[in-house]
Amino acid sequence: MYAINYALRAHKRDPFIEFIKGMLMTPFVLHAKPLPQSDDPNERDDEHHMDANVVRYCNILSSIEELINEHIRKQDKGVPDQSRLKRLVPSISTFHTQLPLRESFLLANAKHSIAARRFVPPSFNDIRRILNTAQIIAIAPKLKLITFDGDMTLYGDGKDFEHDSGLVKLLVELLEYDLYVCVVTAAGYPGDATRYEQRLSGLLKGFENARLPKSVCGRFFVLGGECNYLFQCQEDYHLKYIPESEYQPQEILSWSSDQINAILDIAQGNLQRCVDDMKLPCTILRKSKAVGIVPEPNVKIFREELDECVLSTQHRIVNFLNSPRGKESYLPFCAFNGGNDVWVDIGNKLIGVQVLQKFLGAKPKETLHVGDQFLSTGNDFATRHQCCTLWIVNPDETQDVLVELTTLLKAKKPERSIELKSLS
Ligand code: IMP
Ligand code: MG
């Protein structure tokens with residue numbers, strides 16, 4: 001039962017966050033004592049007790065930092081599989097920077113009273129936010145390229161970037177700190193700049209209102225269809241399509257339409273079967289490099305049904321690619337649950353980030369991707385291998401992490417300019 005449960009739930013969990021949560025359970029269970037019932041001041045918890053629990057949580061997080069550092073040392077030697085962390089969390093991937101978890105915990109604790117809580121242990125979301133803050137602290141001095149997912153990160157699902165979004169000012173600030181800012185979205189409108197301009201209308205208007213010069217707004221890019229259609233912001237605040245030949249590596253330029261269609265045909269067949277079997281009120285949409293199921297207006301499809309579509313389609317495509325007939329069609333693809341739809345795209349965001357890093361000259365440890373889909377059925381998950389990441393759950397949280405980041409960029413401005421100068 002344990003094995004079956006694990007296999008069926010793995011796509012809903014993040015093993016590293018679960019690991020940290022498990023470690024932090026000990027101080028919570030053993031030391032966060034119930035509130036005293038009596039009014040006797042001698043029995044009331046004193047400040048000393050509170051501090052002791054902060055220290056316990058901090059010690060655990062320092063030990064996890066040490067596990068990460070050892071993993072990085074093994075990575076650098078080319079033997080990451082030999083790290084202790086790899087044995088404890090087998091799915092652990094690459095760390096592109098160290099993570100100051102203890103420092104980040106102290107900041108989170110000041111805001112959310114984690115160590116003072118007696119009934120609610122450190123939660124998945126507490127730990128996700130602690131990891132985010134630690135990542136921001138670690139990368140701020142070296143950051144060169146920041147990429148954002150679109151739907152649910154910069155704007156609501158299927159919505160456009162709002163004119164009054166608090167994110168406009170923050171994204172302008174990032175550009176003014178000489179960062180490259182790119183939206184890396186699954187939304188695929190082949191070569192159609194106006195469609196992306198419409199989705200990003202609030203932001204582009206914000207650039208115009210701020211009268212950003214060419215040298216600043218030209219650092220803003222949009223990469224659509226995961227890794228397939230690149231646009232750059234012009235001085236008239238319109239997006240200009242950049243031909244694939246200018247930035248795509250040869251192996252992507254050589255993807256043939258026969259290969260693409262073979263994968264999309266298999267995907268479409270399985271998606272249609274899912275729609276029929278589960279009687280989903282959805283239509284199937286086929287594009288040149290994608291196929292998806294889209295619900296009828298005002299219909300909400302359950303996560304379980306969406307995940308069923310993703311996992312069965314993923315399985316079907318992998319089986320096909322491993323078969324003698326499918327071997328020749330082997331291309332990277334991405335099947336994901338977009339929150340209220342399911343898509344299979346040719347290419348993925350790992351390639352998307354890689355292409356941008358090459359084009360703009362940024363290393364993995366200088367690149368940060370912000371997104372909402374970091375479960376294994378999500379499309380931001382793939383970026384983890386290629387860059388540092390922040391896992392947010394909605395545009396409000398994107399705003400929170402950008403406030404943290406820009407505060408650090410401001411404080412570290414002199415330090416950054418020296419480091420970036422010596423890099424270039
Ligand atoms: P992201 O969150 O910015 O990566 O965008 C994902 C969302 O874009 C999906 O959930 C869809 O609603 C939408 N979308 C529109 N066109 C496409 C496509 O061609 N492939 C995948 N997603 C698409
Ligand atoms: Mg998203």
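This is a predicted model: local features need pLDDT of at least 70, side-chain atom pairs count only at pLDDT 80 or more; totals for chains, interfaces and linings use all residues.
Visitor: Start with the metal. What coordinates the magnesium ion (ligand 2)?
Guide: Asp149 (OD), Asp151 (O) and Asp372 (OD) do, at 2.3 Å. Donors here are N, O and S atoms within 2.8 Å of the metal (3.2 Å for Na, K and Ca); water is not among the atoms, so sites may look incomplete.

Visitor: What spacing do the donors follow along the chain?
Guide: The spacing is D-x1-D-x220-D. Asp149 is in the loop between S1 and helix H7 (167-176), and Asp372 is in the loop between S10 and S11, so this pair links parts of the chain 223 residues apart. Helices (H or I, at least four residues) and strands (E, at least two) are DSSP runs, numbered from the N terminus.

Visitor: Is Asp149 buried or exposed? And Asp372, buried or exposed?
Guide: Asp149 is buried, at 4% relative accessibility. Asp372 is buried too, with a relative accessible area of 13%. Buried means under 20% relative accessible area, exposed over 50%, and partly exposed in between (1.4 Å probe, protein chains only).

Visitor: What else is in the loop between S10 and S11?
Guide: Thr383 is found there, and at 0% relative accessibility it counts as buried. The side chain of Thr383 reaches the backbone oxygen of Asp380 at 2.7 Å. That is a polar contact: a pair of N or O atoms within 3.5 Å, where within protein one must be able to donate a hydrogen and the other to accept it, and residues adjacent in sequence count only if both atoms are side-chain atoms.

Visitor: What does Thr383 touch, not counting residues up to four places away in sequence?
Guide: Lys349, Leu350, Val353, His369, Phe374 and Thr389. Contact means heavy atoms within 4.5 Å.

Visitor: On to H14, then. Which residues of H14 are buried?
Guide: Lys349, Ile351, Gly352, Val353, Val355, Leu356, Gln357 and Leu360 are buried. Their cover includes strand S1 (145-148), strand S2 (180-184), strand S3 (220-224), strand S4 (229-233), helix H11 (250-253) and strand S10 (367-371).

Visitor: What about the length and ends of H14?
Guide: Helix H14 (residues 349-360) has twelve residues and should span 16 Å at 1.5 Å a residue; its end C-alpha atoms are 16 Å apart, which agrees. The expected span is 1.5 Å times one less than the number of residues. At the start of H14, a side-chain oxygen of Asn348 reaches to within 3.1 Å of the backbone nitrogen of Leu350. After H14 comes Gly361, with a positive phi near 75°.

Visitor: And H9, which residues are buried there?
Guide: In helix H9 (residues 201-209), the buried residues are Gly202, Leu203, Leu204, Gly206 and Phe207. Among the elements covering them are H7, helix H8 (193-199) and helix H10 (214-217). Arg211 follows H9 and has a positive phi, near 50°.

Visitor: How many aromatic pairs are there?
Guide: The count is 13. Rings of Phe, Tyr and Trp (its six-membered ring) pair if their centres lie within 6.5 Å; planes under 30 degrees apart count as stacked, over 60 as edge-to-face and the rest as tilted. Phe124 and Trp391 are edge-to-face, because their ring centres are 5.5 Å apart and their planes are at 85°. Phe124 lies in helix H6 and Trp391 in strand S11 (residues 388-391), so the pair ties together parts 267 residues apart in sequence.

Visitor: Are those two buried or exposed?
Guide: Phe124 is partly exposed, at 22% relative accessibility, and Trp391 is buried, at 9%.

Visitor: Which residues form an aromatic cluster?
Guide: Tyr180, Phe221, Tyr247 and Phe359 form one. Arg219 lies over the face of Tyr180, at 4.3 Å from the ring centre. A charge sits over a ring if NZ of Lys or CZ of Arg is within 6 Å of the ring centre and within 35 degrees of the ring normal.

Terms used: Residues are numbered from 1 along each chain as its sequence is written. Chains are lettered from A and ligands numbered from 1 in the order in which they are written. Side-chain values use heavy atoms; hydrogens and water are left out.
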